[in-house]
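Hi,

Here's the structure I promised to pass on. Have a look at it first, then read my notes below.

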Amino acid sequence: MVLGDIFVLAFVPAACVVGILFALTQWYIVSRVSVGGHVSNNGYMHVDEDGVDDSSVVAKCAEIQAAISEGSESFLYTEYQYLSVFMGIFSVIIFVFLASVGGFSFDRQPCDYDPAQSCPSSIANAFFSTVAFILGAVTSTLSGYLGMKIATYANARTTLEARRGVGKAFIVAFRSGSVMGFLLAANGLLVLFLTILAFKLYFGDDWVGLYEAITGYGLGGSAVALFGRVGGGIYTKAADVGADLVGKIEQNIPEDDPRNPAVIADNVGDNVGDIAGMGADLFGSFAESTCAALVVSSISSFGTDRNFVAMCFPLIISAAGIFVCLLTTLFATDLFTIKGVKEIEPTLKRQLVISTVLMTGAIFLVSWYALPETFTINVVGHEPKVVKNWHIFFCVGSGLWAGLIIGFVTEYFTSNAYQPVQDVADSCRTGAATNIIFGLALGYKSVIIPVFAIAAAIYLSYSLAAMYGIAVAALGMLSTLATGLAIDAYGPISDNAGGIAEMAGMSHEVRERTDALDAAGNTTAAIGKGFAIGSAALVSLALFGAYVSRAGIASVDVIQPKEFVGLIVGAMLPYWFSAMTMKSVGKAALAMVEEVRRQFRTIPGLMEGTTKPDYKRCVQISTDASIREMIPPGALVMLTPLIVGTLFGVETLAGLLAGALVSGVQIAISASNTGGAWDNAKKYIEAGNSEHAKSLGPKGSDAHKAAVIGDTVGDPLKDTSGPSLNILIKLMAVESLVFAPFFAANGGWLFRIWT
């Protein structure tokens, strides 16, 4: 190890500042595409490629963009009002539960790592954990909100650039996604690093206490992410299902037709669900993976030796990732130019490969220079494990490359360029039933390779560095977070761009370009969800190990009744949670369908296009339904660890976490890929880019209607239940870790009464 404390204190903030400045630069470039006026950034009026003056089209794009932005703002404002109340209540719960462990004492107590030393009181630990929770929640909220603002700013600009060519539109959408990616990655890391430095002023050399308090940061981030994913997912899918079922199937009008009353709500949903919810979700993954690595490292020789640089290894990895992602982004925006539709998806895939290769080199350098040549990791119930710095390189690298494998497998099963999705599309010849059967089979099959990849990363990492290896493997999978977010955010921005093109009455060529961008975006969104689910599995396992250590559990024996009861109940929880979220989407969609039907039935001239529909009524229905329906699933996840830990004890809770992890990962992968495959099967038929696709179309054919039904069934799977499940397994694990001192001291009273 050759790096000093000064390097860490300079390098991590510098990386964050560079990331923020790069994001602002990308935003400035995007802002040069004019929406409010008639003159473009090049000083000439926007003209369609067929030479038609489009000043009225620009004005209409601006009007639609304003409506989408207003709806998104309104929903998030309402959601955050409810979340602020919840966060206030849960902050009190954290403080009271943790302070009660020491009898609400202000007296300093003997340190766990050295009883001869005195460490902060239980009141102080409770206070700092609560502060970290609030900071995590606020940062997660800000991440989601900024993502929404960026997306609603970029959607119409992408549409306008699509008239000048698919390459121009791609650059705007991808630059906009990069703004979100770099802002979120840099802000999340900067807030966490500054929080650690601020807490250290009080905790001093008590790294164990400091990092246990810091876990509240991950809990706050994931708590907001859960409600953001569930609430946003219900919103977007209620609108999407209502728009598709009535518009496409009953009225036989195109997707995003301005006559459809639910079309604005549908586009708003892309921003509050796929952007704001996804941003908060991946921020939560980053915060939890970092916190897990920090907690495990605090009980290693890093902590006892007071080795600041080695303790900050997870933060240095994330900082290096910002520089790697910056270089990777330049390949898509500056070094290569997209000239045709077929180049879109390979360009996005190339981002994954380039970032992975570059990050591998960065991991090697950081592992070699930031870690001691040899150190020890404490293992619960076993002798401390001796680890070398090159072991950690393989641990982080295994997570990084496992993520790439998951990404490519996800792409294979969800892109309409490959056989699996084409088979699903072909099954639509015989109706919706066979489409559903083929789609479900595809989803189940798509679980196999990702699970093997995760299992291989877990085995290798644990063999080399115990739970610390698994924690940094999760960090490796998320080390290219900025690039992953850019690719992920690109999809909903392109989707919105296509909707605006249709509503503004642009030419068929423009809509074809935005459809091509959107189809690639669907695949990249599925890849992003695969990364999130894979990292959630590793993060949850690392948090599980930290929880077992903190709760003082020597071993988790599933043969014992307490653990087995928790295991089987935990395996059931993802099904219960999925049932609640799926039904919530169904109830909200039912209200939306009835409203859209009512407007088509009662508003004269709506189908003829001479009268505008009541868009705001549909926006309000989605808002009310999502806010109302997000509370029960959120309460299930947040209350389950508290109830189980308090009533049944730490052993049963350990079994519960293991069961939820094993079950939740597989359901999440299957649900996300099934929904993504159905969506792209529909787009495959609509595009008609091959003889096979043309034989299934055109739009409005029986096969196309069957594909629309499959897409509608898959909507809540891929955008509500599936993505939310990875938050469920992470959130329960980090919540259990935060409350572990309380459960260890006071939990299991029901079993004590029984025996």
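F127 comes out as partly exposed, because its relative accessibility is 44% and partly exposed runs between under 20% for buried and over 50% for exposed. F128, by contrast, is buried, with a relative accessible area of 12%. Keep in mind that this is a predicted model.

Now for the rings. Rings count as a pair if their centres lie within 6.5 Å, and by this rule there are 29 aromatic pairs. In one of them, F7 and F11 have ring centres 5.0 Å apart and planes at 15°, so this pair is stacked. Both residues belong to helix α1 (residues 5–31), where they are four residues apart, or about one turn of the helix. F7 has 33% relative accessibility, so it counts as partly exposed. F127 and F128 also pair up, but edge-to-face: 5.4 Å centre to centre, with 75° between the planes.

There's a cluster to look for too: F86, F90, F97, F133, F227, F739, F742 and F743 form one aromatic cluster. And at Y153, the charged end of R157 sits over the ring, 3.8 Å from its centre.

Last, a helix crossing. The axes of α3 (residues 122–162) and α15 (residues 481–503) come within 8 Å and cross at roughly 55°. That angle makes α3 oblique to α15, and the crossing is right-handed. Which residues meet there? From α3 you'll find A151, A154, N155, A156, T158 and T159, and from α15 I493, N496, A497, I500 and A501.

Cheers

Key. Residues numbered from 1 in each chain as written. Predicted model: local features only at pLDDT ≥ 70, side-chain atom pairs only at ≥ 80, totals over all residues. Heavy atoms only, no water. Phe/Tyr/Trp six-rings, centres within 6.5 Å; stacked < 30°, edge-to-face > 60°. Helix = DSSP H or I, 4+ residues; strand = E, 2+ residues; numbered from the N terminus. Buried < 20%, exposed > 50% of the residue type's maximum accessible area, 1.4 Å probe, protein only. Lys NZ or Arg CZ within 6 Å of the ring centre and 35° of its normal. Axes fitted to C-alpha atoms, helices over the stretch in contact; angles between N-to-C directions. Parallel < 35°, antiparallel > 145°, perpendicular 65-115°, else oblique. Left-handed = near helix turned anticlockwise from the far one by under 90°. Contact = heavy atoms within 4.5 Å.
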